[in-house]
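Dear colleague,

I am handing over the structure below, and I would be glad if you could look through it alongside the notes that follow.

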Amino acid sequence: MLVWVKERYGNPAIYITENGAAFFDPPTADGGRIQDPLRVAYLREHIRALHAALMAGVDLRGYFAWSLLDNFEWSLGYSKRFGIVHVDFATQKRTLKDSARFYAEVIASRGGAVA
């Protein structure tokens, strides 16, 4: 899609401001950890596609994972989780999910963690 936009519209600057997916995540942290392998795989594949688009000359200037925190979602309520940080709705305690740790590695390695 990004290469198509480049070719069709003269390579405008692109910022992806919301990229993520809703998955069922465990309702509570297990030993201080929330495993969300589907979200990690989703982010990994999308970030790989971003890298391929950059290599194809797309003027991609920013990427933001959606969403930082679990929250109430207008069409699904609390039935699925969206964030890379788990929120215990009863206590408001925040726990980094595996996807947050993965995304932090991607940022720290300037994309090298995706390979």
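Predicted model: local features only at pLDDT ≥ 70, side-chain atom pairs only at ≥ 80, totals over all residues.

His86 belongs to strand β3, which covers residues 85-87, and it counts as buried because its relative accessibility is 2%. Leaving aside residues up to four places away in sequence, His86 touches Pro26, Pro27, Thr28, Ile34, Asp70, Arg81, Lys93, Arg94, Thr95 and Lys97.

Turning to helix α3, which spans residues 98-108, its buried residues are Asp98, Ser99, Ala100, Phe102, Tyr103 and Val106, and these pack against α2 (37-55), β2 (60-65) and β4 (94-96). After α3 comes Arg110, which has a positive phi near 55°.

The largest pocket may interest you as well, with its volume of about 460 Å³. It is lined by 16 residues, of which Ile47, Leu54, Val106, Arg110 and Gly111 are the closest to its centre. At least two lining residues come from each of α2, β2 and α3, and α2 gives the most, with five. By residue class, the lining of this pocket divides into ten nonpolar, three polar and three charged residues.

With best regards

Definitions and conventions: Residues numbered from 1 in each chain as written. Heavy atoms only, no water. Helix = DSSP H or I, 4+ residues; strand = E, 2+ residues; numbered from the N terminus. Buried < 20%, exposed > 50% of the residue type's maximum accessible area, 1.4 Å probe, protein only. Contact = heavy atoms within 4.5 Å. 1 Å grid on protein atoms, 1.4 Å probe; cavity = no way out; pocket = protein on both sides within 12 Å on 5 of 7 lines; lining within 4 Å. Points joined across faces, edges and corners; volume = space filled by probe spheres on them. Nonpolar A, V, L, I, M, F, W, Y, C, P; charged D, E, K, R; others polar.
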